[in-house]
Each structure stands twice: as C-alpha cells, then as structure tokens.
Amino acid sequence: MSEKGSQHSAREQLKESLSVSLDGQASELELRRVIDGIGKDDELRTLAGRYQLIGEALRGKSSKFVNVDISRGVMSAIEQEEVDNAFSQSESGVGGSSSAIISRSGRFVEDVWASLGKVAVAASVAFAVVIGVRNSNPTPELQVLAENEPAATLTQPVQLAQIGSNDYGASGIRAGYNSKQHDSITPEQLAYAQSLADRATRERFHAYALQHAELSAMGSGQSILSFARLTSFDNQ
Amino acid sequence: MKKMQWITRKLLVLSLFVSGFVYADTSSDAGYLLERMAVSSKGLSFQGEFVYQQGAQLQTLSIIHQAKNQKISEKERILYLDGAPREVVRSGNELFFSSYNEGVTKFQHGSLLPVINKFQSGVSESFYDLKIVGIDRVAGREAVLLLVLPKDRFRYGYQLWLDRESSLLLKSVLVDDQGKIIERLQFTSLSIGQLSDDVLVLLNRKPSTVDETIHIKSSSAKEYPEKDVAPPDWETGWLPDGFVLENRSIRPSPVSRHDVDALIFSDGIATFSVFVEQDDTRVLSQASEKIGALSAVSKIYREGDQYFHVTVVGDIPLGTAERVAVSVRPVKMKP
C-alpha cells in the first residue's frame with residue numbers, strides 16, 4: 001500500500017519535472033529523470049506531447065514537429081553513431097595525409113568533435129527525446145528503424161532554449177543524455193562535453209559570420225556595417 | 001533658468017527644421033535618398049572614424065575608401081582601433097581580413113561580384129515604410145534623419161542619418177520590433193573628397209603574407225546558370241517576402257574540408273546568407289544564437305545516408321533565420 005503511494009507521488013513528480021523541462025528550466029538531474037521515464041512510459045510520452053502542444057498554443061506557435069516522433073529518430077541516430085564512430089576511427093588511421101591539408105579552424109572543430117565522441121552525441125541529441133513527442137510507433141526495433149527511416153527531419157532536435165535573456169552572449173545547445181546507454185557519464189563529463197559543444201558552435205558561427213560579412217561587403221560594396229558587426233564576437 | 005532657455009531654443013530650432021522638411025516628407029524622396037546613399041558609398045572617396053556600439057560594447061574603427069576611377073579599382077580599408085589589431089582590406093575582387101589572433105585570410109573572387117544595390121528604393125518601399133523625420137548633426141555635418149520601418153516582423157527597422165550634402169551614411173541605429181536598440185554605428189569624423197598621397201599609400205598596402213586563401217567561384221542570380229557553379233541540390237522552402245537571391249557561390253568551408261554552397265539573399269535593406277555543406281561530424285545538433293545584430297542558426301538535414309549542415313547568418317530577427325534554416329530541403333531530382 002505504502003509502496004503504491006510512493007510510486008504514485010514519484011509519478012506526479014515526474015510529470016512536474018516534465019512540465020518544467022519543456023519550459024526549458026529543468027536541472028540536469030530532472031532532465032535525466034524525465035528522459036529515463038519517457039523511454040519507459042507510454043503515458044508520460046503522451047503527456048509530453050500534450051504539454052508541448054499546450055505550451056506552443058500559449059506561445060502562439062504551431063509546431064511542424066508535433067506529428068513527428070523525434071525520439072525514435074534520436075534513438076536510431078545514437079545507434080547509428082556507434083557504428084559511425086567505429087568507422088571514422090578506422091578511417092582516420094588511413095586518411096592521415098588528407099587531414100593535414102584542412103584549414104586551421106576546421107582542424108579545431110574536428111578535434112573538438114573527435115574528443116566529444118559519444119558523450120556529445122548523446123548530450124546534443126538526447127534532449128530531443130524530452131521534446132520529441134507522440135510516439136507513433138510503440139515497438140521500436142532500432143536497427144530496422146535506422147534503415148527504414150524515410151524523412152530527414154526525423155532526426156532534428158528542436159531548439160527550446162529561450163534566447164534573449166542575454167543580448168550578445170552565447171546560448172548553446174541544450175543537452176541532456178540518455179542514461180540507458182551512457183550510465184557511466186558523470187555530471188562533470190557532461191558539463192565538459194556541453195562546453196566543448198558550445199565552443200564548437202560558437203567557433204562555427206564566428207567563421208560563418210566572417211563569410212557573411214565578406215559576401216555582403218563584396219556584393220553590396222558597403223562593408224562598414226558588415227565588418228563592424230564582427231566586433232560583437234570579440235568578447236566571447 | 002538658463003537651462004530652460006536652452007531647451008526652449010532647442011525646441012524652436014527643431015520645430016523649424018521639422019516644419020521646413022514637411023514638404024519633403026514623401027516616401028519617394030526617402031527612397032531617392034537611399035538610392036543616393038548607395039551610389040555615394042561606392043562613388044565617393046572618403047575617410048573617417050566611427051564608433052560601433054552593441055550591447056555593452058563600444059568599439060572604434062576607421063575607414064578609408066577610394067572610389068573607382070579610370071586608373072584604379074575601388075579600394076577600402078577598415079581598421080579596428082580597439083582590442084586585438086584587425087583590419088579589412090578590400091581591393092577589386094580581393095578581400096583580406098587580418099587578425100592578430102587568426103592570421104590573414106584572403107578571399108579571392110574569380111570575377112568581380114555584380115553590385116547588389118543595397119538600399120534599393122523599389123524593393124525597399126514594398127516592405128518598409130520610409131519617412132524623413134528631421135535634420136540633425138552628426139560628426140560635425142548636417143544630416144537628414146530617415147526612418148526605415150519594417151511592415152512585418154521578419155526584419156528589423158533602421159534609423160539612418162544621411163549626410164545632407166552627399167547622402168553618405170553618418171549614423172545608423174538598428175531597432176527590433178519592440179523598439180529596442182540593437183546596435184548603433186556613428187561616425188565621429190568624416191572627410192569627403194580626394195585622399196591625400198600618404199593615405200593612398202596606406203590604402204595600397206596589402207598584407208605581405210597570407211595564411212589562408214579562400215578561392216570563391218560565384219555567379220550572380222541573374223547570370224545563372226554558369227558553367228563552373230552547379231546548381232545546389234538543395235533549396236529554401238521558405239523566404240520572407242521581398243528577399244531575393246543576390247548571389248550564389250561555392251567556397252571551401254571554414255569548418256570542414258568540404259566545399260560549402262553560399263547563397264546571399266537581400267530585401268534591399270537587410271541581408272542574410274545561407275551556407276550548406278556536407279556534415280561529417282555526425283553530431284546532430286541544432287543551435288541558434290543572437291550575436292548583436294546578427295542572428296545565426298545551424299541545423300542538420302539528412303538525405304539518404306548523407307547529413308548536411310545548414311547555417312543561416314544575417315541581420316534579421318532570430319525567428320526569421322530559424323524559419324529559413326528549417327525550410328532548407330533537398331531538391332527532388334527530376335527523373
């Protein structure tokens with residue numbers, strides 16, 4: 001009896017955490033619980049879908065992703081990643097000479113990705129499990145799904161982060177992780193992976209902001225504003 | 001008491017100016033000003049210093065611009081005066097960006113890009129309300145204040161102070177749909193006219209070493225299709241009204257060893273670029289960031305076994321950039 005009662009309150013807590021995490025305000029721990037729970041629990045998954053819809057209605061948006069089961073895509077992406085990692089490791093042994101000619105910034109990004117490894121894969125994609133909703137296929141056989149998956153958009157995580165709290169700072173990738181596959185990750189490792197992912201993203205934006213400035217300056221003959229804007233990156 | 005007098009006098013002067021300009025308050029005049037500004041910024045030689053403010057940051061920069069004439073091509077040098085030394089040198093179809101930290105990057109265009117008429121009047125007036133609202137003084141020069149207000153939420157608004165004599169841009173304030181100021185650019189000194197010889201020497205000095213050269217194959221949207229630039233196998237499913245493709249190019253990616261498709265879109269006032277490249281990292285991630293006036297969004301799409309990384313950067317609201325990024329999709333091959 002008492003066990004049933006505590007189970008019930010744990011569920012209530014989980015629902016609360018779910019609501020919080022969909023608002024983008026959950027702690028790492030809460031996220032982890034929700035991700036764990038959502039994988040096991042059909043009811044919770046349906047609830048997540050409803051919350052997502054309500055939230056979007058409140059914010060006045062309609063989501064293109066509402067009918068897309070992202071969690072399925074994410075799982076298969078993680079599954080796929082195991083294979084890719086093994087592949088790219090063996091490839092890097094052979095392709096040493098070709099990697100020498102890539103640009104410096106490119107090398108940095110590659111280094112970062114390399115050191116991120118599986119940790120970051122999980123970190124960067126698994127949050128999507130929380131916001132990916134409405135599991136239309138309740139019996140996922142991962143390997144089969146990975147092969148049959150038709151649309152590209154199924155693997156897209158949706159950005160939930162509220163930007164605008166700071167005007168010029170970075171708001172990186174929101175991350176959680178799937179603890180089923182990565183039980184050994186400590187919060188420190190997770191934070192490290194996240195900071196690397198943030199840094200790589202910022203590096204990427206910086207590189208492309210320069211390309212954009214160049215493009216618009218050469219095109220319009222007005223470089224003043226285009227290049228002045230690059231100073232915004234200096235304090236990051 | 002003295003202060004009171006000053007304020008009254010200022011008001012009086014201001015109202016005189018405004019009333020004096022009421023006759024000119026039609027959008028076609030404003031459109032003409034914008035057009036003239038675009039022409040002047042290319043066709044006049046000038047040098048000056050300006051400040052750029054974004055958030056809590058204030059930066060000082062200097063610019064020297066040499067108009068094109070029979071003997072020489074258009075040249076420009078922008079020097080960042082604060083923080084780590086950086087400079088931009090633009091000369092004909094080459095552009096050098098030198099940074100103390102990152103070395104010299106040279107952008108080499110195969111051919112001279114056709115000019116996008118930024119602040120083109122015809123395009124702008126369908127999507128922005130243009131209003132001349134008064135006269136002010138910036139950098140010791142008389143300036144006409146022009147409001148450029150967007151008609152929808154897909155773009156930002158501008159307040160522009162244009163030199164009364166030449167229509168050169170003296171000050172620019174970018175505002176979002178809440179009326180919040182995002183960035184300010186303002187000249188503190190500007191002299192227009194023939195550059196002195198020592199300034200020209202400065203302008204002709206190109207970086208002696210180049211760490212990285214980016215060769216760009218490009219074609220304007222109008223000349224397309226061109227032989228060496230194949231049409232990209234992707235398309236933008238959604239663009240805000242009024243934005244048209246100005247130029248497409250293929251260049252080596254700054255972040256991977258692939259080539260990247262670079263497309264630039266403009267509505268005559270705002271511009272954004274869409275970059276698409278093959279993604280090897282296989283770390284599926286989406287990120288968006290607002291860096292001052294620039295919104296940047298990165299996103300992955302997948303076609304078969306291949307992943308592609310989409311990056312959208314431009315002076316447009318983040319929501320617009322995200323919508324564009326999400327809409328990028330592979331072009332269905334026709335059998």
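**View 1. Meet the two chains of the predicted model.**
Let us start with the overall make-up. Of the 236 residues of chain A, 41% count as buried; of the 335 residues of chain B, 43% do. Now look at contacts between residues at least 6 apart in sequence. In chain A, 79% of them join residues at least 24 apart, and in chain B the figure is 54%.

**View 2. How confident is the predictor about chain A?**
The average pLDDT of chain A is 57, and 20% of its residues score at least 70. Where in chain A is confidence lowest, and where is it highest? Helix α7 (residues 142-148) has the lowest mean, 39, while helix α9 (residues 223-228) has the highest, 87. Two stretches deserve a careful eye. Residues 86-106 of chain A have a pLDDT below 50, and beyond near neighbours in sequence this stretch has 13 contacts in the model. Residues 118-181 of chain A also have a pLDDT below 50, with 171 contacts in the model beyond near neighbours in sequence.

**View 3. The largest nonpolar core brings together residues of both chains.**
This core has 86 residues. Which residues have the most contacts inside it? They are Ala209(A), Leu146(B), Leu162(B) and Val312(B). Helix α8 (residues 187-220) of chain A gives the most to this core, with nine residues. In chain B, domain 1 (2-192) and domain 2 (217-330) each supply at least three residues to this core.

**View 4. Zooming in on Val312(B) and helix α5 of chain B.**
Leaving aside neighbours within four places in sequence, Val312(B) is in contact with Phe272(B), Val274(B), Val297(B), Ala321(B), Val324(B) and Ala325(B). Helix α5 of chain B covers residues 318-327, and its buried residues are Thr320(B), Ala321(B), Arg323(B), Val324(B), Ala325(B) and Val326(B). What do these buried residues pack against? Their partners are strands of chain B: β13 (234-236), β16 (271-278), β18 (294-303), β19 (306-314) and β20 (328-330).

**View 5. Strand β1 of chain B pairs with β2(B) and with β11(B).**
Find strand β1 (residues 46-54) and strand β2 (residues 57-66) of chain B, which pair in the antiparallel sense over nine bridges. These strands form a hairpin with two residues between them, and Gly55(B) in the turn has a positive phi of about 60°. β1(B) also runs antiparallel to β11(B), joined by nine bridges. Glu49(B) is a handy landmark: it stands opposite Ser62(B) in β2(B), and its bridge partner in β11(B) is Ser189(B). Moving on from β2(B), six bridges join this strand to β3 (residues 75-80) of chain B, again in the antiparallel sense. There, Ile64(B) has Arg77(B) in β3(B) as its bridge partner.

**View 6. Leu185(B) touches residues of both chains.**
Leu185(B) lies in strand β11 (residues 181-192) of chain B. Is this residue buried or exposed? Leu185(B) is buried, because 24 other C-beta atoms lie within 10 Å, and the cut-off for a buried residue is 20 or more. Not counting residues up to four places away in sequence, Leu185(B) touches Ile224(A), Leu225(A) and Ala228(A) in chain A, and Phe50(B), Tyr52(B), Lys171(B) and Ser172(B) in chain B. Leu185(B) and Ser172(B) are 13 residues apart along the chain, and their C-alpha atoms are separated by 5.1 Å.

Ala139(B) sits in the loop between β7 (128-138) and β8 (141-150) of chain B. Ala139(B) counts as partly exposed, because it has 18 C-beta neighbours inside 10 Å. Ser167(B) is buried, with 24 other C-beta atoms within 10 Å.

Note on methods. Residues are numbered from 1 along each chain as its sequence is written. Chains are lettered from A and ligands numbered from 1 in the order in which they are written. This is a predicted model: local features need pLDDT of at least 70, side-chain atom pairs count only at pLDDT 80 or more; totals for chains, interfaces and linings use all residues. A residue is buried if 20 or more other C-beta atoms lie within 10 Å of its own, exposed if 12 or fewer, and partly exposed in between; C-beta atoms are placed from the backbone. Two residues are in contact if their C-beta atoms, placed from the backbone, lie within 7 Å. A nonpolar core is a set of buried Ala, Val, Leu, Ile, Met, Phe, Trp, Tyr and Cys residues joined through C-beta atoms within 7 Å. Helices (H or I, at least four residues) and strands (E, at least two) are DSSP runs, numbered from the N terminus. Domain bounds come from an automatic or database domain assignment. Two strands pair if DSSP finds at least two bridges between them. pLDDT is the predictor's confidence in each residue, from 0 to 100.
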